[in-house]
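User: I would like to learn how to read a protein model feature by feature. Could you take me through this one, giving the general idea each time and then the case at hand?

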Amino acid sequence: MDGRTGARAVEVTVTEATNASAALAPDGRTVVLDLMNLLWTLPAKGGDAVQLTGVEEEASEPDFSPDSRRIVYQAYTDNAFHLWLMNADGTGRKQLTSGDADHREPRFSPDGTRIACTAESDGRYAIHVIDVDSGDATAWTTGTGQEAQPCWTPDGTAIAFATGTGDAPRAIDKVTADGTRTTLAKVTEGRLAGPSFSPDGSRLAYVHLTTAGTALVVDGETVSGDGEDVFPFAARWAGPDELFYTADGGLRRRTLQGTVKDIPFSARVTVPKVAERPAAARDFDGAGDRQVKGIVGPALSPDGRSVAFGALGDLWIMRRGGAPEAVVADGHRNTDPAWSLDGRGLVYTSDRDGGVALWQYELATRARRRLTDTGISASAPTVSPDGTTVAFVSEGATLSVLQLDTGAVRKVAGPLNAPGRPTFTADGKRLSAAVLVPVTPRYREGHNQILTVELATGEAHYSEPLPGGSLANRIDAGPVHSPDGTRTAYIANGTLHISDLDAEGRTTGTARQVGDETADAPSWSGDSATLLYLSDGRLRLTTPTGRTSAVPLRLSWRPARPTGRTVVRAGALWDGTGPALRRDVDIHLDGHRIAAVTPRGERPVRPGDKVVDARGLTVLPGFVAVHEHGPWERNELMRLWLSFGVTALRSPGTSHYAAVEAKEALTSGRRTGPRVFTAGDLVDGSRIYYSSGRPVTDEEQLSREINKARALGHDMVKTYVRLPYALQRSAVREAHRIGLRSASHYLYGPLCLGADGVEHVGGTSRYGRRQKETHLGHSYQDVTGPLAASGMAFTPTFGLSGLGLSAVRAALYRHADWALDDPRLTSLLTAAEYAELREGITAALEKEPTAELAFVARHGKTVRRLVEEGAHVAVGTDSPLVPPGVYYHLNLQTMVRHGVSPYEALRSATVQGARTLGLSDQLGTVEPGKLADLVLVEGDPMTDIKAAASVRQVVLGGVPHTVADLTATATATKQSGTVVHNATLPDVPQQPARDNFWWHREEHIPHSCC
């Protein structure tokens, strides 16, 4: 048994390392290795490794003291990276740094009295030197560069380090204690890493990483071998002409004359066996009424008597104490309402004409008109105090305003990283919104603060109402300024807060918590006396002093269930239980479940039975996509997924209420699309990146998030990049307690803590390098061994980013000629989305993307190895970062292209997908008693995996849908849309913000992935 999780355990002997750092003791006798976020020591000649640190310490990047008796390392504790010191045998731990700032990459000085490191300071990573005895720190560098991986000159008078403007340093500089600085090496492509000096200081070694390869370089000359996978850490000089470093999955010694010796090692770890955790939250057979919980954007009317909100795809208005009325219910997704100040109308968003646009609704006449062109992709509207202007977010990135009388649009600020819903100051002269403020350009994470921009001049400032803290997200956490201009409301630490505002819209004084209920989505009454908010799916009213009452919502939905019997007459069936096709089969459906699977004609077709003629087609279990982020703002996106045969979608991270709204609208039949399984907001640490990231810093906040997941009926919990393992352990435990599964980007740590799944071969990490793949895309046995042995669910997500590139889609697009002019894509994507896809495919066909193809081939090799070793590999794509639907099949085809059999690829798409959801008893195979989710394709995907994309019909819960029907609706919608042209006004001046806030500048526009 595994003592950490209580699960059955298995021992794994690890003999290879992925992106591991290592240090050779100065006495030449011992190596300290950073493997799987554990520190190990082993003899310098090789052998069995001895574990020094535990999982929750997350220790990495070690360095020996000059006398070889002590080790300094970085550890991720208390939501930050700090430096620790211990004896070489693992005893005598001492913390050297503390606070909110990260300290990374420590190196002992030659005399052992000081430690150089990189530390966050004033928005940048600078070189700091810490006195070992006193703990006093001194900054050795100034300026704006992002500096990394320091190393001392042998005489201890200077420090060399990598430096650059962002996360890809292109120079090696040297600095002395008085600040004198010189450049030692420089490149124009790729990045540099890991400088180190020879014992006499005459030679400089470093690592150069490009899209074409990685190289260990000495004095400008490559000394590593062709194709060698060199890891991005400093080589240690074992003598005047010998280097010790990590590469190709191992420890290596190399002389400058070319002699190479690999150092074998073995590290034994015990991992829990991860059994399928049955889903607890879903009832597929109940037909009764269910309370609506997916309430999106609730807004209190100015008179405080009514509430407008989105739910079940419709726009609703409810008089307090009365029944809600669907005022816009046209089969499209209508949501995000904002009241005019006189209470006579609403502005909202709708996908009615194919794209997401702003619409206006007048209460008296029930008239509707579109305000923006669908190409603008508008969201999160707010009406100005004088009723003449609407502020909104365009393209998910830019704060904009629309003049209601002319329709003209003006940019206020951006592009930014998914800013929140804007709010006007009471005089209408300024606009505020939640905006991500990154801590440094080197890493993308930061805090949600309040940006305020003066519309006339562009003068901008940020408010941090809770110093060192963060708004809860950038979706429905505010800020929302009171109409009288004196206060602003927002969500922080999971609860409602209020801060005073000054005349310029800055928060002042101490933030005040209003009540102790979990809260989201605040909005004010017109007299600034009352606030409406959501608490775990319930509407609540409060005063600023905390007098709280319920706002009953009598709104329910009922699952759509087909009645009667259907017979699917299949020319061939792959039922998912084995590799063989069955020919001439009848699949009998009773309502939403499979009743029987029989040879053709064995059971007669009874009067009243519906018949689906699939005699020329192959029937498969419905495909399951397990990594596709919502909220799917357009109905066409869900039809697109269905048209590619995907009948179940899992979103491992979507805003809480939009996720539930999508689930309820689809299950009730008000929208057409796959079954949806969701996590809510990402459970993250003190710093976040995505708009749906929740900063969680203690057990109380974590408990709020887990309880909300239960109250809203989520299916899983997704922990994200900066959540410490101590809190991750609690998240996994509490999720399992209420029957939910958990997943993250990390492998070994969460596996030992009991997590159910891991996402991405690559994926963002907090460590400055990816843990499951190297720069070139290799994954070694420290990844594949524990993953295969444990049974943990794994989603590779081919073709996202790598090689230092924000995208490597070209590798998949090179084989996507079949998708050009596909009517599913031309009909169900917007014109801009399809044009981008077509351009990408065409470019990849015209010029072979050699580096990207090689990178993805290495991922393919890893996945093939995992499948061969019995790992549970499912299929997902990380849309909307990539095109939905089509990229799912490009992932399947990539698996097969790199050695996975079509049979195993289809198992990943069906059987393994169902297991990942905890629904093997409901989905994944075509067997009696299971849900009637089928995909009907032309051709034989068991011999040609491309046939899996040739979908002609799908059956979802017993209801047949032809691809022609799914695309016809979208075509008709686009053709019937009214035409709106929005003139463009001159931008609000951008320079004031760019001068003061580096993340507003063009070079820092986010292009991050995963």
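User: Where in the chain is the place of Pro479?

Analyst: Please keep in mind throughout that this is a predicted model. Pro479 is found in the loop between strand 44 and strand 45 (480-481).

User: What is the form of the peptide bond from Gly478 to Pro479?

Analyst: The general idea is that most peptide bonds are trans. The bond from Gly478 to Pro479 is cis, with omega near 10°. A further cis bond runs from Ser879 to Pro880, where omega is near 15°, and Pro880 has its place in the loop between strand 67 and helix 11 (886-897).

User: How should I read the backbone angle phi, and what is its value for Glu58?

Analyst: Most residues other than glycine have a negative phi. Glu58, which is not a glycine, has a positive phi near 50°, and its place is the loop between strand 6 (50-51) and strand 7 (59-64). With a relative accessible area of 0%, Glu58 is buried. Asp336 also has a positive phi, of about 60°, although it is not a glycine; this residue lies in strand 33 (residues 334-339) and is buried, with a relative accessible area of 16%.

User: How do strand 8 and strand 9 pair, and over how many bridges?

Analyst: For a pair of strands, one reads the direction, the bridges and the link between them. Strand 8 (residues 70-77) pairs with strand 9 in the antiparallel sense over 8 bridges, and Arg70 stands opposite Asn87 of strand 9. The two strands form a hairpin with 2 residues between them, and Asp78 in that turn has a positive phi of about 55°. Strand 9 also pairs with strand 10 (residues 94-95), again antiparallel, over 2 bridges, with Trp84 and Gln95 as bridge partners.

User: Why can strand 9 be called largely enclosed by the rest of the structure?

Analyst: Here one looks at burial, for which the cut-off is a relative accessible area under 20%. Of the 8 residues of strand 9 (residues 80-87), 7 are buried, so this strand is largely enclosed by the rest of the structure.

User: What is the strand order in the open sheet of 5 strands, and how do the strands pair?

Analyst: The order here is 63-64-65-66-67, with parallel pairing. Strand 63 (716-718) and strand 67 (872-873) are at the edges and have a single partner strand each, so one side of each is left without a neighbour in the sheet. Within the sheet, strand 64 (residues 741-744) and strand 65 (residues 757-759) run parallel and are joined by 2 bridges, and Ser744 has Val758 in strand 65 as its bridge partner.

User: How many aromatic pairs does the structure hold?

Analyst: There are 18 aromatic pairs. To classify such a pair, one takes the angle between the ring planes, where over 60 degrees counts as edge-to-face. The rings of Trp140 and Trp152 have centres 5.6 Å apart and planes at 75°, so this pair is edge-to-face. Trp140 lies in the loop between strand 14 (137-139) and strand 15 (146-152), and Trp152 in strand 15, 12 residues apart; both Trp140 and Trp152 are buried. Tyr462 and Phe997 form another edge-to-face pair, at 4.8 Å centre to centre and 85° between the planes. Tyr462 belongs to strand 44 (residues 460-463) and Phe997 to the segment after helix 15 (991-996), so the pair ties together parts that are 535 residues apart in sequence. Ring pairs also link Tyr76, Phe81, Tyr725, Tyr746 and Tyr767 into a cluster.

User: Over which ring does the charged end of Arg104 sit?

Analyst: For a charge over a ring, one reads the distance to the ring centre. The charged end of Arg104 sits over the ring of Tyr443, 4.0 Å from its centre, and that of Arg444 sits over the ring of Tyr689, 4.0 Å from the centre of that ring.

User: At what angle do the axes of helix 11 and helix 12 cross?

Analyst: For two helices, one reads the approach, the angle and the contacts. The axes of helix 11 and helix 12 (residues 902-909) come within 9 Å and cross at roughly 145°, in a right-handed crossing. Tyr888, Leu892, Met895 and Val896 of helix 11 meet Pro902, Ala905, Ser908 and Ala909 of helix 12.

Definitions and conventions: Residues are numbered from 1 along each chain as its sequence is written. This is a predicted model: local features need pLDDT of at least 70, side-chain atom pairs count only at pLDDT 80 or more; totals for chains, interfaces and linings use all residues. Side-chain values use heavy atoms; hydrogens and water are left out. Two strands pair if DSSP finds at least two bridges between them. Helices (H or I, at least four residues) and strands (E, at least two) are DSSP runs, numbered from the N terminus. Rings of Phe, Tyr and Trp (its six-membered ring) pair if their centres lie within 6.5 Å; planes under 30 degrees apart count as stacked, over 60 as edge-to-face and the rest as tilted. Buried means under 20% relative accessible area, exposed over 50%, partly exposed in between (1.4 Å probe, protein chains only). A charge sits over a ring if NZ of Lys or CZ of Arg is within 6 Å of the ring centre and within 35 degrees of the ring normal. Axes are lines fitted to C-alpha atoms, for helices over the stretch in contact, and angles run from 0 to 180 degrees between N-to-C directions. A crossing is left-handed if the near helix is turned anticlockwise from the far one by less than a right angle, and right-handed if clockwise. Contact means heavy atoms within 4.5 Å.
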